[in-house]
Amino acid sequence: MNMITNLVHYILDEHSTRTGLRSQLNEMFFSNSTSDNSALFQVLTQLIPEELQQEWLEWISDGEKRGVPEGFSDSLPRVATTHLSPDDTCAICCCVYLEDSYPLVVKLPNCNHKFDLQCITLWLSKSSTCPMCRNDVMSSKTKIDTSMVELEEDWGMYG
Amino acid sequence: MVHRANNRASRMLAEYKQIREQLQSHESILMLCPAGDGGSLSKWEAQFCGPENTPYADFTFTLSIEIPEMYPNEPPNCRFPPNHICHPNIKWSTGEVCLDLLKHETWSPMYNLLQVVEAIRTLLAEPGVDSPLDVDLAKLYSVDKQAYQGLVTYRLCSRTL
């Protein structure tokens, strides 16, 4: 409910802009996307511009076709080069991992199938299953810790 | 988006080498090679014999394969020439193929061109009558196999080569 209070304040503020309001509404909708949004949707329907409603409805109906959440691929466990054999190949691009001097190889939860990070990221943006065994990579319910991902990127700058 | 193109390019090169090595062991596939200018490896052509013990057995079929920008994350586009093949899951007038493997929902980047051609060849022997493109032919296949075989043979004999 805190968000709604914020929203009301924002609407009453004379410095508010339409774009600002739009982004505020969007933030509410998406930050809440795990729970049932239909109640919120109904309350706000009267206030929301029609094309924005359309956008949200499309987002809901697209849900099943979507891949994994952003940051998921980056949070996958890395496979150390010492654990790769000389003929291990990424099944998506058909390249030998060790031909790259700094290969970024990750393994999927549960099935442990290995792929180039770059290749699997692209695949998982459209699908949430392992290309080899169709295991649902989201089924493990591992909590994604995106804060660690950002931390690692920061280290990269100095390392 | 450079990495996307790279992904496809390295994959196509690897497949090209693999196909050259493995094609001999696929006796029924007479040809599978880049078409047109060939340099881009984005258009391919396959030729294969119809499967044994089917009305397709004595005929040769040509298939054109187009590799989309997002391959192998997206399936290749396969089609026969128009008026080339008579089959419940293939549209005679356009050569369009209806096969689960080639749909976005069921495709996996694990499949390669050789497997795709083999799968289409298998489709000739085992039509999927639940989702036909040619409803009448699918019906004929399920009620009267002999009539079906006769019609397929007639159509194939009448095609202009």
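**Note on salt bridges and a strand trio**

1. K103(B) counts as partly exposed, at 28% relative accessibility, where partly exposed lies between buried, under 20% relative accessible area, and exposed, over 50% (1.4 Å probe, protein chains only). The side chain of K103(B) meets that of D100(B) in a salt bridge, at 3.4 Å from N to O, and D100(B) is likewise partly exposed, with 49% relative accessibility. A salt bridge here is a side-chain nitrogen of Lys or Arg within 4 Å of a carboxyl oxygen of Asp or Glu.

2. For orientation, this is a predicted model, in which local features need pLDDT of at least 70 and side-chain atom pairs count only at pLDDT 80 or more, while totals for chains, interfaces and linings use all residues. Residues are numbered from 1 along each chain as its sequence is written, chains are lettered from A and ligands numbered from 1 in the order in which they are written, and side-chain values use heavy atoms, with hydrogens and water left out.

3. Over all chains, a search of the whole structure finds 4 salt bridges. One of them, in chain A, is formed by the side chains of K114(A) and D88(A), at 3.8 Å from N to O. Because K114(A) lies in strand β3 (residues 114-116) of chain A and D88(A) in the loop between β1 (78-79) and β2 (105-107) of that chain, the pair ties together parts that are 26 residues apart in sequence. K114(A) counts as partly exposed, at 27% relative accessibility. Strands (E, at least two residues) and helices (H or I, at least four) are DSSP runs, numbered from the N terminus.

4. In chain B, the side chains of E15(B) and R11(B) meet in a salt bridge of 2.8 Å, N to O. These two residues are 4 apart in helix α1 (residues 2-22) of chain B, so about one helical turn separates them.

5. Which strands does β2(B) join by bridges? Strand β1 (residues 29-34) of chain B runs antiparallel to β2(B), with 5 bridges between them, and 7 bridges join β2(B) to strand β3 (residues 60-66) of chain B, again antiparallel; two strands pair if DSSP finds at least two bridges between them. A46(B) is the bridge partner of L32(B) and also stands opposite L63(B) in β3(B).

6. Strand β2 (residues 43-49) of chain B has two faces: W44(B), A46(B) and F48(B) form the covered one, whereas K43(B), E45(B), Q47(B) and C49(B) form the uncovered one.
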